Amino acid sequence: MEILSLLGDGMLVAIQPLNLMLILIGVTLGLFIGAMPGLGSVNGVAILLPVTFLVPPGSAIIFLAAIYYGAMYGGAISSITLGIPGASTAVATTFDGRPLAMMGKARLALVAAAIGSFVGGTVANVLFTGFAPLLATVALSFGPPEIFALMLLAFATFVGLGGDDIAKTVFSICFGLVLATVGFDQVSGAPRLLLFDLSGFLGGISFLVLAIGVYGIGEMLWTLESTRGKITTTDAKMSVKGIVEDMGETARKGWKGTATGSFLGFFVGVLPAAGATPASLMSYAITKMLSKNKHEFGKGHVGGVAAPEAGNNSASTGSMLPMLTLGIPGSPTTAILLGGMVIWGLTPGPRLFVDEPDFVWGLIGSFYVSNIFALLVNICAIPLFIWMLRMPFTVLAPLIFVLSVVGGYAAMQDMFDIWLILAFGFGAFFLRKFDYPLAPAVLAIVLGPIAEPTLRQSLLLSSGDPSIFFTRPISMPIMVIAILLILMPAFKYLRPRRTSAAE
Amino acid sequence: MNILKTLAIGIAALGLSAPAAMADWQPRKPIDFVIMAGPGGGADQIARFIQSVVEKKDMTSRPLIPNNKGGGSGAESLIWLNDANDANHTLLVTLNSFFATPIRQPELGIDIQTFTPVAMMGVDPFALWVHKDSGIETFEQWVETVKAADGEYVVGGTGTGQEDSIVFAYLSKAYDLKLKYIPFDGGGAVAAALAGQQIMATVNNPAEARGFYQSGDVRPLLVFSDERMESYPDAPTLKEQGHDFSYYNQRAIVGAPGMSDEAATYYQDLFAEVYNSEEWQGYMEKESLSPLWMDADEQRGYWKIQVDNHNDLLTGMK
C-alpha cells in the first residue's frame, strides 16, 4: 500500500503542467529522433542534455526519460517503412516489419509495434513499481558466470532463428562473433584483428554500422534485384476502422510475442551491461522458438514485430533500475542520464530511493504518463508514415541510400564507418543470395562483446575450471537449458531416422 | 578579369585581416571531448560534469561533445588523438592510462610529450574497499585473510595494466600476497561487483564507491593518499603502514598533438575558468578529489615524473 501512495504522489508530480508539457515535447521529439536512422535515443538525449539545466532536476530527468521512451517507439517506424533500423534497438523489428510493409500491411505492422511497445512499457512500469529494490538485489547476484550462461541461452535460441539450415546458421553466428572481436580486447588491452592495419578498426565494429549496412543498403539492393526495377508502391490505405481492425489482429496473433517481450525484455534490461538491443533481439528469438508457426517468422508475422518492440520498451524501463540503484548504466542512453544525475547533484546508489523519494517516484510516475502519450502520438502519426510508403521504389531507393549513409555518419562522425556500411551492404546482399540467414550474425555482434569478457572473467575466477558454470545456483539451470536447446536439432535429426528404421 | 581580380584581392585581404581581427581564437565547430574510459566510471563522470558546467555558464561558443573511447585501456583514445583530423577541436579527458598504456604498448607509437597540455583539474585518490559482510574491519585483518585464502582471494578492478591493477600489484608485492585479479569494464561495474560480492575487494576511487559506501554496503580499509582523507578519517594511509607509496589518478585535460598555440591558450583559459568555478570546487570536495592545479609547463614536468614512476611500477609487476 505504501508503494501505491508513493506512486500516487509520483503521478501527481508527473502531471504538473510543466512536467506534462515536457513529457509531450519529449515523446514527440523522441519519436522523430528514433525514426531517423543513426539518430538514436543516445544522440537525442546527449543533444538535449544541456537544455535540461533550465528546469529543476526532477523535471529534467522526466524530459530525458520521455525522449528515451519516444525514441523506443520511433525506432520501429523506419524499420518498418524503409527497412532501415531507426536505432539499434529496432533492428529485430525489421525482420518481420519490413516484409509486412512489402505485403501492403505497413499499417498493421505499425499498429502492432505501437501496441507491443505500449504493453511492454506498461508491464515494465508495473514490475518497476512493485519490485525495484528486490530486482536490484537480484541484478547484483548476477556475476560473470550467470551473465555468460544467459548469453549462451541467447545463442542457443539463434539456432532456432536461422531456419532449417543449421550449418548456415552456425556459420552466420561464427561470422558475427569474429566481427565482434575486432578492436581492443577488454581483458588484456591488446588490439585484435585490425584488418589491413586500418586504424578505423581500433574502436571495433559498431553494431549500428553493421545493422544499417545489412538492413538499409543490403535490403535496398535485394528489393531492387527482386523487383528488377519495376516501379512498385506499397499499398496501404488509411482509416480509423482499419487501425481498430489491426489492433484486433495484433491482439490475436501478437499476444504471445508481446507477453514474451514484455517480461523477458524487462529482465534483460535490469541486468547491468545488457540493455534494450539484446533484449529486443532475444525477445524475437524466443518468441519465434516458442511459436507453432516458426516458418512464418521473417516473412511477415505480427508477433515478430510486437515481440521486439515490447522487449525494447520494457528493457528501456528496466535499464533505469541498475542506473538508479547501482549507479551502473544498463545502456549507452542511461549512461548519459547517469551523467545528468551527477550534474544535478544526485548520487545514484542504493540510498537514492530513500534519500530522494520525490525524484525517484516522480520519474516512475512519468514513465506511466510518457507511455500513454507516446502511444497516442504514435498512433496519430501513423498516417504520416504510411504516406511515405506511397512513394514509388525508384524514389524510395535513393532516399534509403542517402539516409543510410547520413545516418551511419551521424552516429560516430567517421568516414570510415560509411565505407564499412557499403561493404556490409554488398556483403549482406550476396550472403542473402546464397541463402545465409543474416539475423544470427547481427545477434552475435551484439551479444559477443558481452559473452566474451564474462566467459573470461568466469574462468579467471575459477582458475580455468569450467565447472564454475554448473556449481552456482543461478547459472546452473540456465546453462542446462541452453545446452539442451543447442542439442535439440541433433535429437530431431536422430528421431525420424529411428522411426523410419522401425518401419 | 577585373572583377575576378578584385574578388581575389578582396578574398586575400579578408584572409589576412581575419586572424588579426580575431586575435582571440574561438572554436569554429563542436569540440570532440574524448574520454579515455567507458561510460559510468570516474573519468566519464568528470567529463560530463565539466561539459555541464561549460554549458550552464555558456563558456564556449561551440559545445563540448563527450565521446567515450575506452578501448584497450585507453589506447583507442590515444590513437584517436594522435591521428586527430582537427587538432584544434580535439581534447582528451585522461586518467593514468595516459602514462601506462604507451609504456605497455610501445607498438602504438604514442609519445605523450607531443600532446598539448591544457589543464590539470585535480587528482583522485584510491582506497581499499571490502564488503561489510566480510567482517573485515582493519587492514591488518585483510592481510591475514588474504594470506589465509592462499591464492583464492578474488579482487577486481579495471583492465589489466590499468590503475587498479597497478595498486593491487604494489600491495601484493609489498605484503607478499597472492591475489586473483578480475578485470571489469570500468569503475562502475567494479563497484557493483563488490556490492554483489562477486569479488572480495576493490581499489575504487571514492567517487565510484560513494553510493555503496553511503548505504553501508562497503567499507574502506586503507587509503593510498599522502595524508589521511577527511571523508574516511579511520582508514590509515599505506605510508603509515611503513610503505613509501601513494597513488593518485590524474584528472587532466590534454589537447591533441599539433594544436595551435592560440587554440591551446584558449582551452587553458577555458579550463582555468572551469577549475575556479564554484561548481568544480564543490564537485572536488564532494567527490573527495585533491585539488592540484598546474599550468602547461608544470604539467609537462609532471608527465615526465609520472612516466618514470609508471615505468618502475610496471616493470615491478612483471
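## Two chains, one predicted model

Chain A has a mean pLDDT of 80, and 87% of its residues reach 70 or more; pLDDT is the predictor's confidence in each residue, from 0 to 100. This is a predicted model, so local features need pLDDT of at least 70 and side-chain atom pairs count only at pLDDT 80 or more, while totals for chains, interfaces and linings use all residues. Residues are numbered from 1 along each chain as its sequence is written, chains are lettered from A, and ligands are numbered from 1 in the order in which they are written.

**Confidence along chain A**

- Helices here are DSSP runs of H or I with at least four residues, strands are runs of E with at least two, and both are numbered from the N terminus.

**Two helices in chain A**

- Helix α5 (residues 91-102) and helix α11 (residues 276-290) of chain A pack at an angle of about 40°, with their axes 7 Å apart.
- Axes are lines fitted to C-alpha atoms, for helices over the stretch in contact, and angles run from 0 to 180 degrees between N-to-C directions.
- That angle makes α5(A) oblique to α11(A) (under 35 degrees is roughly parallel, over 145 roughly antiparallel, 65 to 115 roughly perpendicular, and the rest oblique).
- On the α5(A) side the contact uses A:V91, A:A92 and A:F95, and on the α11(A) side A:S280, A:L281 and A:Y284.
- Being in contact takes C-beta atoms, placed from the backbone, that lie within 7 Å.
- By class, this contact has 5 nonpolar, 1 polar and no charged residues (Ala, Val, Leu, Ile, Met, Phe, Trp, Tyr, Cys and Pro count as nonpolar, Asp, Glu, Lys and Arg as charged, and the others, Gly among them, as polar).

**The sheet in chain B**

- Chain B has an open sheet of 5 strands in the order β2-β1-β3-β10-β4, with mixed pairing (two strands pair if DSSP finds at least two bridges between them).
- Its edge strands, β2 (64-68) and β4 (116-125) of chain B, each pair on one side only.
- β3 (residues 90-94) and β10 (residues 248-255) of chain B pair in the antiparallel sense over 4 bridges.

**Where the chains meet**

- In all, 39 residues of chain B are in contact with 37 residues of chain A.
- α2(B) gives the most to the side of chain B that touches chain A, with 7 residues.

Terms used: Contact = placed C-beta atoms within 7 Å.
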